[in-house]
Amino acid sequence: MKRANLPVNKIAQITKVSPATVSRVLNHPELVNKETKNLIEKAIVDLGYNLEEVLQKQIDQNKRVIMAVLPSIDNPFYNNVMKGIKTSANSHDFDVVIYLGNINRNNLDHFLDVVKMSNSRGVVCLNRKMEKEVADTINSIVPLIQCCEYNKESTAEYVSINDYAAAKNATEYMLNLNYRKIALINGPLSFNYAEERLRGFEAAMEEKGIAVPKNWKISLPEVSYSLGYSAASQLLGAKEKPDAIFCAADVFAISVIKAAKRYGLRVPEDVGVVGFDNVEMASITIPGITTVNQPAYQIGFTTGETIYEKISNPNSRPRSILLDTELIARDSIIPENKKKRG
């Protein structure tokens with residue numbers, strides 16, 4: 001019995017139909033009338049192929065798809081995560097399709113329809129923390145891996161970092177350099193990372209006995225340069241200014257540097273800046289941005305490997321992974337031996 005790739009063009013010649021019609025029989029037989037379908041299937045058998053094996057092979061090939069759910073395509077951090085996911089997927093002969101938007105109870109049925117129509121074998125969600133019931137429902141139908149954002153109460157595994165520890169460490173670094181009037185520009189608190197980075201920032205400040213004005217802890221509805229610039233202008237244009245700003249994303253840190261120039265302030269002499277993510281722009285901005293290196297590519301690749309393992313072995317032992325971060329020191333903050341003590 002033959003097992004080589006099916007000669008679509010030869011079958012089309014034998015049955016006197018187009019190659020596209022042969023392809024439809026293999027991929028979407030419901031679109032072809034019964035007579036034509038039977039004719040093509042007979043030709044496949046006459047050529048020495050096992051019809052059942054051919055159709056099953058086609059089903060398997062059509063299902064080698066992973067769906068990645070993204071909140072937006074504007075944040076460069078997600079681009080690096082997606083590169084890691086795609087590298088892993090390609091190494092296992094999987095394709096990756098992207099779904100933009102949030103998933104909640106209201107659109108869950110629609111999302112599951114999209115998963116079915118795209119023949120996705122697994123879902124990787126980079127979106128905001130899902131409700132436990134929503135994540136569990138998806139995970140009961142198709143393997144789900146929560147990437148970056150996660151609800152640890154869900155049955156779905158996750159790959160991320162310890163945002164609380166990373167933010168606390170970054171804030172302590174600033175405090176150790178004798179900065180005391182530190183503000184925070186954060187992302188939307190509907191995201192787990194923003195909640196945890198706020199907690200880490202507040203914990204470090206509280207341990208030092210420093211009260212932070214409420215209007216110095218800014219939470220923005222999305223990570224964007226324009227919103228970050230407005231927030232930085234609000235902080236730096238006020239009479240009482242912070243001497244440093246911790247930014248929950250490098251995009252915000254870049255906004256602070258731009259806003260500082262608007263008000264005639266120098267970075268780092270007048271205001272220190274620390275970012276988060278370590279995107280490429282952080283190293284080429286002038287001054288270079290001191291930032292928390294979140295291993296975006298590694299997060300993506302590990303997520304890809306984890307979803308592949310879950311697809312290949314649904315009964316494998318659940319395991320969630322938190323990857324390490326590190327602080328990358330650049331020129332946007334003054335080292336301790338140069339910072340004047342108050």
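**Notes on the predicted model**

1. Let's begin at one residue. Threonine 306 is found in helix α13, which covers residues 296-312. Please keep in mind that this is a predicted model.

2. Is threonine 306 buried or exposed? With a relative accessible area of 4%, threonine 306 is buried, because anything under 20% counts as such. Once its neighbours within four places in sequence are left aside, threonine 306 is in contact with Ile145, Glu157, Val159 and Ile321.

3. Now for the whole chain. The protein's secondary structure amounts to 13 helices and 12 strands. The protein is more spread out than a compact globule, because its radius of gyration is 26 Å, well over the 20 Å that the globule rule gives for 342 residues. A box of roughly 90 × 35 × 35 Å, taken along the principal axes, is filled by the C-alpha atoms.

4. Burial and contacts come next. Of the 342 residues, 50% count as buried. Among contacts between residues at least 6 apart in sequence, 71% join residues at least 24 apart.

5. What does the surface look like in numbers? The protein exposes about 17100 Å², and carbon and sulfur atoms supply 49% of that area. As for charge, there are 42 positive and 39 negative side chains; the centres of these two sets lie 3 Å apart.

6. Which parts of the chain does the pair of tyrosine 99 and phenylalanine 111 tie together? Tyrosine 99 lies in strand β2 (residues 95-100) and phenylalanine 111 in helix α6 (residues 108-117), so the pair links parts that are 12 residues apart in sequence. Both tyrosine 99 and phenylalanine 111 are buried.

7. Another aromatic pair has its rings stacked: tyrosine 150 and tyrosine 158 sit 3.9 Å centre to centre, with 10° between the planes. Are these two residues buried or exposed? Tyrosine 150 has a relative accessible area of 13% and is therefore buried. Tyrosine 158, at 15% relative accessibility, also counts as buried.

Technical notes
Residues numbered from 1 in each chain as written. Predicted model: local features only at pLDDT ≥ 70, side-chain atom pairs only at ≥ 80, totals over all residues. Heavy atoms only, no water. Helix = DSSP H or I, 4+ residues; strand = E, 2+ residues; numbered from the N terminus. Rg over C-alpha atoms; globule rule 2.2 N^0.38 Å. Buried < 20%, exposed > 50% of the residue type's maximum accessible area, 1.4 Å probe, protein only. Contact = heavy atoms within 4.5 Å. Areas by Shrake-Rupley, 256 points an atom, 1.4 Å probe, with all protein chains shown as cover. Lys, Arg positive; Asp, Glu negative; His and termini not counted. Charge placed at Lys NZ, Arg CZ, Asp CG, Glu CD. Phe/Tyr/Trp six-rings, centres within 6.5 Å; stacked < 30°, edge-to-face > 60°.
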